[in-house]
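Subject: Structure handover and notes

Hello,

I am passing on the structure below. Please look it over before reading my notes.

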Amino acid sequence: MRTAWTTCPLCEATCGLELTVEDDRITAVRGDRQDSFSGGFLCPKGASLGALDADPDRLREPVVRRGTSFEPVSWDEAFALVDARLNAVIDAHGRDAVALYLGNPTVHSLAGGLYAGALRKALGSRNFFTAATVDQMPKHVACGLLFGGIFSVPVPDIDRTDFLLLLGADPFSSNGSLWTVPDAPGRLKALRRRGGAFVVVDPRRSRTAAAADQHLAIVPGTDVFLLLAVVNELFAASLVDLKALAPHVNGVAEVRELSAPFTPEAVAGRCGVGAGDIRALTHRLAAAPRAAVYGRIGTTTVEFGTVASWLVDVLNVLTGNLDRPGGAMFPLPAHAKRGTGTGKGFTTGRWRSRVRDLPEVAGEFPVVTLADEITTPGAGQVRALVTVAGNPALSVPNSGRLDAALSTLDFMVSVDPYLNETTRHADVILPPPPPSKRAHYDLAFLSFAVRNVAKYSRPAVPLGPGEVDEGAILLRLTGILAGQGPDADLDALVGLTGESELGRDERLLDARLRSGPYGLTLADLLDRPHGVDLGPLTSRVPEILRTPSGRIELCPDPIAADVPRVLAALRAPRDGLVLVGRRHLRSNNSWLHNVPALVKGKQLCTLLVHPDDAARLGLVDGGTARVTSRVGEVEATVEVSADMAAGVVSLPHGWGHDRPGTRLATARAHPGVNVNLLTDDLAVDPLSGTAVLNGVHVRVTSSAVQ
């Protein structure tokens, strides 16, 4: 028996774990109390790492489709088949005939962070899609327009703030998102203990809202109106104070003009928050010595996701709370490079999609149009697909349509440990090793951390005979797509030469650390397995800026051009029930539902309905309701709860494990229903291409009276 330390790869919190390993198996998981960042915090997902690692349904060797079944093959045979079939499509139809989709777990992986870019470059196709356009892309676009870089995302300095406004987020369940904050519940409680406060804006009384000083139950999708009204009141009450930011900001007067029609009285009826409450919130935000505003899924996956995401940081700027301790600050991870204070800035629409003429954003197309590109004949039609760590057959709006489209592809290869709802359509599945057999460093999430920290851990368990590490899988695919075949020199593909005692991943990481702002080396991190604390966040304006002007562009032209659409929506109120998603502490997308400990007990996939709506519709707790939208229909178990705002119903995302042809025994026993059979693939935020997953208009009836 031995002890190993690692970082949990199951959400964005990056909590340190202490693993007990016996005979190369994880037999116990505890929070690492010596971890420099998480200090021993552990949630149910992290505690389940051993069970996830040993999941009997997990693929341990490549499989290929033989008729209607899958059979194991050697790695060489699998890659030879991929080489032949993918290149046949490219030779016959060109590179745009092959699409690449990257799912969320890609950024939870060191290999994904190191090699996904090389894979995409080798493919050379414009048909590139990721989970970002069913998640956070509006925030990237807003930050790109404001600060010049899509990864320049400020995060609340939670440990030093006095007031925190949270919109559309439930960090008690998620521990933050685009905000790496282990033990968010503990940190929020500490905020209150030191005399601070936090307010939650959410149509549901979530776990976070229940613990807040105030909960404002907003109408889904209307955060944009509330935020504009707060901006309006800041100007009207002469509360705008940029403080030290003043020399670095363009466009304040223009923002004032844009917000003029959105008075608290004008928006109150539409967003469900009273004018008095809006004014009180505004004055509370402005009066706090140190404050921050944060928005997440409820402000991104909506009709005006980019404008709402922009407004979050407009408020941080107008109150002088951007880039100062206790406000919203820019992390500086150990592998990053400092900027020069200026750059090319950010634009979208450098090319457009073939079928729906949707603009490219950050080099990718909205995933809502992937089914269009597969099913529409003509030059550039997608005929083959590579997926990495994604399950778009569940996660994409109108997912039944994409599910059907996947079955028509000429060829599909998936890098995934499971035969799931998406990979059941693949011709070849290449499984990466389980978490215990992977090295870990958070290239993505340390860019959103509430302290500057660094931590690296080697695999807790060595690869077994015949196993292939994830980086090698991705690079062998890269070699195939680069025309060098599956036996290409993998080091050469990423520019490495010569000999080293370090492995490929470690050499690349060491180079990034050495050129980073702290001068760390990989050896430094290996000597400190519980992480290196590099200190609290520090001010980075103007160095962080990448705009041509070298200033924060507070009123970017694309945003200003979209505000009239916001105003038109304000003046056209809508009636009827709307649907939103929700997050559970024991769930994270679709990839943890095969762990018994995470699905046991009370049913998680239920339709939350307010008691008044239940009475009006004839719904009973534990009964079944039929939910219908423009694109589909599902039946779900009803959970009557006063935590849900009247006029709103909620289904969690990531469920629907009832498809034939999968190997997910536990998930199939707890299938739930797929909310994305109801979400609409034609509804997108035009600035980011992000799907509208919240605020979907639905009809709900009792199944008993059908």
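This is a predicted model: local features need pLDDT of at least 70, side-chain atom pairs count only at pLDDT 80 or more; totals for chains, interfaces and linings use all residues.

Residues are numbered from 1 along each chain as its sequence is written, and side-chain values use heavy atoms, with hydrogens and water left out.

Parallel sheet. Helices (H or I, at least four residues) and strands (E, at least two) are DSSP runs, numbered from the N terminus; two strands pair if DSSP finds at least two bridges between them. Four strands form an open sheet with parallel pairing, in the order E11-E10-E9-E13. Strands E11 (214-216) and E13 (291-295) are at the edges with a single partner strand each, so one side of each has no neighbour in the sheet. On average, neighbouring strands of this sheet are turned by 15° against each other, direction ignored. Axes here are lines fitted to C-alpha atoms, for helices over the stretch in contact, and angles run from 0 to 180 degrees between N-to-C directions. Strand E9 (residues 163-167) is joined to E13 by 5 bridges, and Leu-165 has Val-293 in E13 as its bridge partner. Helix H7 (residues 184-193) lies across E9 and strand E10 (197-201), at about 130° to E10; contact means heavy atoms within 4.5 Å.

His-530. This residue is in the loop between helix H21 (522-527) and strand E19 (532-536). His-530 counts as buried, at 15% relative accessibility (buried is under 20% relative accessible area, exposed over 50%, partly exposed in between; 1.4 Å probe, protein chains only). Its side chain makes a polar contact with that of Asp-32 at 2.8 Å. A polar contact is a pair of N or O atoms within 3.5 Å; within protein, one must be able to donate a hydrogen and the other to accept it, and residues adjacent in sequence count only if both atoms are side-chain atoms.

Cysteines. With a disulfide taken as a pair of cysteine sulfur atoms within 2.5 Å, the count is 0. The closest cysteine sulfur to that of Cys-11 is in Cys-43, at 5.7 Å, too far for a bond. Cys-11 is buried, with a relative accessible area of 8%.

Strand E28. In E28 (residues 696-702), 5 of 7 residues are buried. Strand E21 (residues 577-580) pairs with E28 in the antiparallel sense over 3 bridges, and strand E23 (residues 624-628) is joined to E28 by 4 bridges, also antiparallel.

Regards
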